Amino acid sequence: MFQNVLGSDDRMHLERQFGNQRIDLTTGAVKTVIPGFGGMNTVIDEDGVHTEKQIGNMRQTIGKKRFDWML
């Protein structure tokens, strides 16, 4: 699945996710996404382990103030 994402960095990203791997085709960053309950996911990337909350087309990493918007 490909999707356009307006990132919290105010840049447009093209992402592809298959299985538990989310690849940002714009930056080359790879994240492992482990699904949780109630829209909460555990995300592992080069910066460590994070908790991510997704509601509708908004995605926020807990502890960060800005959202990613999935278009």
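## Strands and their order

The protein holds 0 helices and 8 strands, where helices (H or I, at least four residues) and strands (E, at least two) are DSSP runs numbered from the N terminus. Read along the sequence, these elements give the pattern β-β-β-β-β-β-β-β.

This is a predicted model, in which local features need pLDDT of at least 70 and side-chain atom pairs count only at pLDDT 80 or more, while totals for chains, interfaces and linings use all residues. Residues are numbered from 1 along each chain as its sequence is written, and side-chain values use heavy atoms, with hydrogens and water left out.

## Overall dimensions

The radius of gyration of the protein, taken over C-alpha atoms, is 11 Å, which agrees with the value near 11 Å for a compact globule of 71 residues; the globule rule is 2.2 Å times the number of residues to the power 0.38. Along the principal axes, the C-alpha atoms fill a box of roughly 25 × 25 × 20 Å.

## Surface and burial

The accessible surface of the protein is about 4,700 Å² (Shrake-Rupley method, 1.4 Å probe), and 58% of this surface belongs to carbon and sulfur atoms. Of the 71 residues, 24% are buried, a word that here means under 20% relative accessible area, with exposed meaning over 50% and partly exposed in between.

## A nonpolar patch

On the surface, L6, M12, F67, W69 and L71 form a nonpolar patch with about 470 Å² of accessible area together. M12 lies in strand β2, residues 12–18, and is partly exposed because its relative accessible area is 45%. Patch residues have over 30% relative accessible area and no salt bridge, and nonpolar side chains are joined within 5 Å; a salt bridge is a side-chain nitrogen of Lys or Arg within 4 Å of a carboxyl oxygen of Asp or Glu.

Notes. Patches are made of residues with over 30% relative accessible area and no salt bridge: like charges are joined within 9 Å, nonpolar side chains (Val, Leu, Ile, Met, Phe, Trp, Tyr) within 5 Å. Buried means under 20% relative accessible area, exposed over 50%, partly exposed in between (1.4 Å probe, protein chains only).
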